[in-house]
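Here is a short tour of a few helices and the residues around them. Please have the viewer open as you read.

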Amino acid sequence: MLSELAFADDAALGSKNVPEASDRITKLSEGAKEAGMEISVPKTKVQHITHRPKVSPTTEEDIANLPKEKKFQFECESCKMTYPTKHGLSVHKGRWCKGPNSKKPSRKGTVADRIITRMKVEEHQKSLPNVMMGDQMLENVYAMVYLGAETAGDGDQQVTFKHRRDIAWGRYNEYRTVLTTTKLPINLRLRLYSALIVMPMIYGSCAWFLDEKLKQTLNGVNSKMLTNISKRTIHEEASSPTFHVVDHVLKRRKAYLGHILRLEPDRAVRRFLLELSPNSAPFIPGSLLDDTDYRTVEEMIEAAEDRTGWWQS
């Protein structure tokens with residue numbers, strides 16, 4: 001088990017249980033004070049790594065009891081159901097609303113459902129035992145950002161990708177005028193799109209579990225952005241992208257995998273990858289090893305030694 005991940009003035013301390021974590025952070029705090037430094041309690045968070053708890057289905061009561069600052073802003077005039085997005089309200093009106101006296105449709109699978117479920121999972125995380133730094137209690141969190149990547153306590157990849165997606169949309173809106181202007185050739189705008197939008201969006205993607213669901217999500221976001229640049233439909237961009245972001249990510253991941261396989265056998269990142277993975281296919285879905293067509297780890301290691309051949313395979 002990795003006991004710590006340290007980078008400059010940031011550190012993540014991995015512990016097996018709460019008492020161990022409390023002891024470690026307390027000793028670190030005391031040592032820091034001796035060196036004239038102080039660990040910030042508000043900036044120090046605790047994340048219990050565990051399976052996602054089972055939570056109750058989302059109900060209208062859950063939505064009605066949302067705190068004022070989190071209330072859904074878009075209300076149906078007919079049935080009074082509220083939605084977090086204008087699009088969600090539009091879909092409700094077009095497909096599901098049957099009037100004020102009809103049975104309300106299920107929220108299962110909707111954006112509202114995901115928001116309420118996330119809140120319930122966050123509340124569960126807060127209810128778990130607290131780590132103490134001396135006599136000060138540290139806050140439990142479900143998800144946190146470390147070195148630019150948001151990670152969830154249950155390993156939900158959608159949390160990680162949503163964080164990068166939101167950053168990418170912010171950059172996209174910032175540069176929308178340049179990216180969509182017809183005064184610049186399409187090839188130049190695609191290069192700008194790759195550098196300004198795609199790179200922030202796929203930051204950390206070599207550590208993702210890139211399964212089919214995440215590939216579809218990534219391709220969907222890419223299609224919505226590209227449609228304003230290429231003037232093609234979202235469906236056209238999804239089926240035949242002007243810029244194939246999934247292939248772009250896979251190439252970067254393969255390069256990274258090659259670097260790892262060429263490391264000395266005792267290097268931690270190489271051991272972490274290979275010792276926690278099967279020696280032959282089927283590999284863990286979405287893992288770096290699963291990206292390749294090789295059947296065994298031995299075949300990959302041998303192929304990676306030939307850098308040119310590795311790229312061509």
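Predicted model: local features only at pLDDT ≥ 70, side-chain atom pairs only at ≥ 80, totals over all residues.

Residues are numbered from 1 along each chain as its sequence is written, and side-chain values use heavy atoms, with hydrogens and water left out.

Let's begin with helix H5, residues 157-174, whose 18 residues reach 26 Å from the first C-alpha to the last, close to the 26 Å expected at 1.5 Å a residue. Its buried residues (under 20% relative accessible area, 1.4 Å probe, protein chains only) are Gln157, Val159, Thr160, Phe161, His163, Arg164, Ala168 and Tyr172.

| Helix | Residues |
|---|---|
| H4 | 111-127 |
| H6 | 176-180 |
| H7 | 186-201 |
| H8 | 212-230 |

The cover also includes strands E9 (143-146) and E10 (149-152). Where H5 starts, a side-chain oxygen of Asp156 comes to within 2.9 Å of the backbone nitrogen of Gln158.

Next, the axes of H7 and helix H10 (residues 245-261) come within 11 Å and cross at roughly 65 degrees. The two helices are therefore roughly perpendicular (65 to 115 degrees) to each other. On the H7 side, Val198, Met199 and Met201 meet Val245, His248 and Arg252 of H10.

Finally, Ser223 sits in helix H8. Ser223 counts as buried because its relative accessibility is 1%. A polar atom of the Ser223 side chain lies 2.7 Å from the backbone oxygen of Asn219. Leaving aside residues up to four places away in sequence, Ser223 touches Ile234, Glu237 and Ala238.

Key:
Helix = DSSP H or I, 4+ residues; strand = E, 2+ residues; numbered from the N terminus. Expected span 1.5 Å × (residues − 1). Buried < 20%, exposed > 50% of the residue type's maximum accessible area, 1.4 Å probe, protein only. Contact = heavy atoms within 4.5 Å. Polar contact = N/O pair within 3.5 Å; in protein donor to acceptor, adjacent residues only side chain to side chain. Axes fitted to C-alpha atoms, helices over the stretch in contact; angles between N-to-C directions. Parallel < 35°, antiparallel > 145°, perpendicular 65-115°, else oblique.
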